[in-house]
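Please go through the structure below with the text beside it. The paragraphs move from a contact between chains to a whole chain and then to a single residue.

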Amino acid sequence: MVVNLNPDFGYLRTGVEKIIEGIEIDNVIPFINRVDNSSAISVELVYCIALENYFKIEVPIRAKFIRVILSELSRISSHILFLTKLANALGMNMPLHYCLREREEILHLIEVATGSRLTPNFVRIGGIKSDLSKQFFDKLKEILKGFRKKVHELRVFFLENELVVNKLNNLGVLVKEDAIKLAISGPNLRALGVSQDIRKNDNYEIYDEFNFKVPIGDRGDSLDRCMVRIEEIEQSISIISQALYKVPEGKIRTYGEVNTQLMENIYSHVECPHGELGMNISVSEGRIAKLSIKGPSYNNLFAFSKAVIGEKLEDIELILASFDICVCEVDK
Amino acid sequence: MKGILRSLITVTRNTFKRSVTVLYPHDRIMVPYNSRGSIQLMVDPDTRKILCDGCGQCEKSCPLKLISIEVDINNKKLKSFYIDISRCMFCGFCEEACTKKALKMSFNYELTEKDFSALKYDIKKLTKHARPKLRKFWKT
Amino acid sequence: MILKNLLLKALYLLLFLFLGVYIIIYLHKKTLAHMQSRRGPLQTGFHGILQIFSQILKSLLNWPKLFTSWQDLSNNIGVVISFTFAILAFLLIPLTEDIFLMNIEMSLPLCLSFIMISNMGAFLSIKKVKLNMNKMTALLDRISTVLIFSIPLFISSMGPVIVSSSFNLFEIVRAQSRFYNILYQPLSFIVFLLSCSLLWQRLPVDVPKKDTYFNTDYLSTQNRLNYQISTISKYINIISLLILGTLLYLGGWNGPKILHPLIWTIIKTFVLQVILLFLYTIIPRISGFRKKINLSLAFLCLLSFLNLLIIIFLVLYFKLIF
């Protein structure tokens, strides 16, 4: 039985926040791409939204719709990567390869739109880099038609298989008082029964124009965390299919010049697939003076060390895989 | 029991479908047209001259300062143009900053060399795509 | 003369065994690959037929190193034991009425015990390494799987024995000329299949992995030669278990006279092999000492005892002996 667990991290440190000091405002985006390895668009979004809200720059509506479509696509790909890690920890080979096969189509879509699979470099201050062609929208409609059926097949492997359900039931339960003290957010918090979603509470892009639900769990064990993420994939599919019919024509980016002396504590936050991602920027004379990123996986790691107490030694790997920790966010 | 039977049916259906993998050295996957790969300087097809005139915008916009340009001030001709590919992160800022559409990124991603010093591209290698290729009569 | 006859017959049987092992390894690699939507080996030979041949050739060149000195032999004694007992277990099984090596009275328990010994033999070759607590628990874990899952194997195979009233494999097959044993003993068939797949030490039952802190891998203390020989002996074990399964439950070589009886045994083992492969894809990993005891003693043994009770009841009151 496990009595205590001390996580030891810091082996992937690259020092991004120190390298950025002294670079001009427009050139920062390729550096902070690498902080989140499965959904890189959310990190670019935070940076641009923080500066736009502070300097009161208006973003055209077509750019907002396209940003929402791309961030939902990366959310689907990140949750499918979570399913592959869970299948690897469970010991089942077949769902692993099926999940990777479905993820290939989404990465191909992102490559058609932006130019690269995992580091898009697409969001700019005041809009996006370039327009999406008609070929992209046709392909998106084609792929979305058969995607609901594929997600349902994946769901049968994890949530309706009695052997897997018996294994994950009541495993790694997190208590509510611990969760509030450690400041967790994202799907790990929603599995406890707290309905907290930045897309609904603190409306940032045009998320209030879409009709979607926020899935909530009951008990806070591993099965609920798996269920919440699978339902979020289906909600993302419905958001994208609603956005496809509402995209207006128009401009993409607003240009302009802004006066910058020493300005401090520019902050904003965004719903990343792992949790709540926040960024604190201070700018002076057109270059960045200080930048600090708050990654949600840092808090999830300490919640994992609390949830393991009282379980057996051989179940540690399963509980670690069900918390969905991205190591690049823990030590940047 | 129902869930186990349904997953067995999907496994049997997938054994008789086509496989997704590709034998790499013999076949290749079709990469989209606007993916970011190696860098190329564009050439006018009629007059066979390089479109770049050395304004220096790409040099200013590179976040890692990898481009170095030398211009002949009297003739306004390009003397030398060096890009260090070994440290490039393929971000695409140089392509976005060029006003005359002279620098473009193609979709070629196989850029390996045997020597480390061969990874510093000069004008001859950057315009290799526009020179005619020799035909080979038998395979080597 | 008798010795020469025996040697020739043993050679023919060993050739059959080599072909069987080759085909089973190739089928495993290809079907598991196609289930995961990728292709298997493709380069050497037509669609990868000759790849296993090249692997066996490469390992065969290293086998004389085992016998160069007494110390070498004593360090690797476990692997030699597992290989010889695996081959011995295969040689005792008759394939048809005419193709057999020798006719022994108690062939069934001898076969099963040889298979159990050859599974445990791989643990004897860890002499050079200092054992600390982690590796000790890993060793005990490995030994316990073999012991725990061979108990239901023995008990469930008593079912067909009671009906045909002898331990001899010939009599068991002759007693199934009208009805196969699976029709009125489905429970013991399920128990036999499950314990077969769990004895096999492949993925559903806790593949040993390399980890920096929890070194639960006894295979990391073996060198490459031991690993190759022990995998080959595991494949020989699974073939002999499958053929035993067809002889006990599916009727052996009985069948319509259209085909040769040897072909009937081959077809029935193939059917059993397909069922085993599909079991392998669905079951998640069973980890831990306690869960394995729960599975084997509480679930599998209970089922086999139930089956024995039913059979005894049927034999006493309805005189089902053939």
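Two residues are in contact if their C-beta atoms, placed from the backbone, lie within 7 Å. By that criterion, 11 residues of chain B are in contact with 10 residues of chain C. On the side of chain B that touches chain C, five residues are nonpolar, five are polar and one is charged. The model is a predicted one, and totals for interfaces use all residues.

Next comes chain C on its own. Its secondary structure consists of 12 helices and zero strands, so read from the N terminus the elements are α-α-α-α-α-α-α-α-α-α-α-α. Chain C has 322 residues, of which 28% count as buried. Among contacts in chain C with a separation of 6 or more, 78% are between residues 24 or more positions apart.

The last stop is a residue of chain A. Where does Val228(A) sit in the secondary structure? Val228(A) belongs to helix α11 of chain A, which covers residues 222-244. Is Val228(A) buried or exposed? A residue is buried if 20 or more other C-beta atoms lie within 10 Å of its own; Val228(A) has 21 such neighbours and therefore counts as buried.

Which residues are in contact with Val228(A), leaving aside its neighbours within four places in sequence? They are Pro187(A), Arg190(A), Ala191(A), Pro215(A) and Gly217(A). Asn188(A) is 40 residues from Val228(A) in sequence, and the C-alpha to C-alpha distance between Asn188(A) and Val228(A) is 8.6 Å.

Terms used:
Residues numbered from 1 in each chain as written. Chains lettered and ligands numbered in written order. Predicted model: local features only at pLDDT ≥ 70, side-chain atom pairs only at ≥ 80, totals over all residues. Helix = DSSP H or I, 4+ residues; strand = E, 2+ residues; numbered from the N terminus. Buried ≥ 20, exposed ≤ 12 C-beta atoms within 10 Å, placed from the backbone. Nonpolar A, V, L, I, M, F, W, Y, C, P; charged D, E, K, R; others polar.
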